[in-house]
Amino acid sequence: MANPIELIDSIGVDSFKDDTERYAAKEAARRLLARIETPFERIWALAFENPVLIAGLQLCQDLGIWAKWTAAAGEGDEGKTQTLETLLGFCNTTVEPNLLYRFLNHMAALNVLEEVGPNTWKPTPLSLAMGDGVSYIDQGVRCGLDHTIPCGVNLAKFLKENGYREPLDKDKFENYRELFGDDFFGFCQKNPGAGGSFIGLMTALRNHKMVWTEVYDTRRLLDGADLDINADGQAPAPLFVDVGGAHGLDTQHLLARHLSEIPANTLFVEDLPEVVSTHAQEQLDPRIQRIAYDFFTPQPIIGSRVYFLHAVPHDWPDADCLRIFANIRTAMRPGYSKLLIYEVVLPARGATSLMTTLDLELMNCVSGLERTEAHWARLLGEAGLKIVEIFRHPRAVESVIETELAEAN
């Protein structure tokens with residue numbers, strides 16, 4: 001029998017035929033770790049290793065190390081391995097050498113870096129992503145420090161003080177408001193740094209998750225869409241309105257799939273003014289228009305073929321979702337418009353750790369939740385909408401819920 005340690009160490013990303021198999025192996029590795037580590041080792045990792053690991057990741061980000069290391073690594077193999085002396089030279093301010101060494105040592109012990117000799121390290125995919133400026137991985141760390149970690153520390157106490165009731169009414173009791181004095185989105189609007197880290201984390205998450213156009217057949221949207229300029233020379237009808245669309249990546253994915261078919265003035269990305277003006281930095285095709293809009297107000301784009309919500313309803317309790325849906329419903333054209341929701345549909349059993357983490361972090365920060373198929377059907381029905389079909393993919397954590405006006409037929 002092969003040495004099990006050598007066998008485990010021989011497995012890498014290239015060992016798998018596709019991402020589905022890689023993910024299954026990752027989950028198997030988590031189960032293996034749960035079986036072989038002691039209770040003390042697991043608690044030690046959760047409560048002691050990880051907090052100072054997060055601190056080390058952010059410290060190196062603040063010092064400018066990750067960006068310079070990633071740039072140097074892009075110049076070839078000679079730029080990858082770095083000594084403590086070189087890394088101190090990467091810093092944007094003076095740092096005591098032993099202070100930096102202690103954090104680098106911990107990150108190597110937890111495989112964020114690879115130790116290749118005394119005071120010498122190589123980067124890993126994680127550390128390179130922290131400095132690449134395009135994956136937004138660094139904003140995941142920042143968002144944790146700004147939002148999820150302090151809220152998580154407070155959550156158990158908050159639930160105990162409120163009689164262990166499910167927090168689904170923002171006006172009555174909310175963990176985030178108790179901690180920060182304002183609700184999550186209100187705090188983000190007043191604090192651009194915290195708002196920016198949230199938008200960055202959402203972008204990193206969207207980059208990680210499966211693109212919605214690979215889950216849903218977008219031909220269903222273009223077939224029957226009014227995309228021709230009419231006899232009076234007026235512009236075609238709106239095709240796609242991405243409500244709360246942040247950077248606009250979902251709209252960009254749709255356009256990329258139908259580049260030669262979609263005319264100008266038919267694609268719209270809506271989000272709050274500070275998101276559109278400050279946080280949304282992605283360069284979009286000029287056919288995509290950004291519009292400042294609050295989805296709790298009447299929808300300004302009438303009669304679009306599609307209104308699209310990606311990871312928006314789960315931020316809000318049912319009562320607030322009904323307000324969002326009502327504004328979209330009023331703008332929809334009967335028998336023509338669709339509302340697509342790309343979001344988690346919780347299974348009856350076998351939810352993944354990403355699904356359960358999202359569900360509890362929503363409780364943690366915004367009094368939101370992930371919903372089951374039955375919950376979705378009930379909620380949409382109350383909004384005067386009906387589910388046409390739910391589109392799933394074995395590699396996707398989210399599903400595309402296609403809806404239309406209930407009275408359309």
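I take two strands as paired if DSSP finds at least two bridges between them. Helices (H or I, at least four residues) and strands (E, at least two) are DSSP runs, numbered from the N terminus.

**Entry one: ground rules.** My model is predicted: local features need pLDDT of at least 70, side-chain atom pairs count only at pLDDT 80 or more, and totals for chains, interfaces and linings use all residues. Residues are numbered from 1 along each chain as its sequence is written, and side-chain values use heavy atoms, leaving out hydrogens and water.

**Entry two: strand S12.** I looked up Glu 402 in S12 and found Glu 389 standing opposite. Glu 402 is also the bridge partner of Leu 340. Strand S11 (residues 385–391) runs antiparallel to S12, joined by six bridges. Strand S8 (residues 338–343) pairs with S12 over five bridges, in the antiparallel sense. Seven of the seven residues of S12 (residues 399–405) are buried, so the strand is largely enclosed by the rest of the structure; buried means under 20% relative accessible area with a 1.4 Å probe, protein chains only.

Next I turned to H15 (residues 318–331) and H17 (residues 373–382), which pack at about 50° with axes 9 Å apart. Axes are lines fitted to C-alpha atoms over the stretch in contact, and angles run from 0 to 180 degrees between N-to-C directions. I note the crossing of H15 and H17 as right-handed, meaning the near helix is turned clockwise from the far one by less than a right angle.

I then listed the contacts (heavy atoms within 4.5 Å). Asp 318, Cys 321, Leu 322 and Phe 325 of H15 meet His 375, Trp 376, Leu 379, Leu 380 and Glu 382 of H17.

How values were computed:
Buried < 20%, exposed > 50% of the residue type's maximum accessible area, 1.4 Å probe, protein only.
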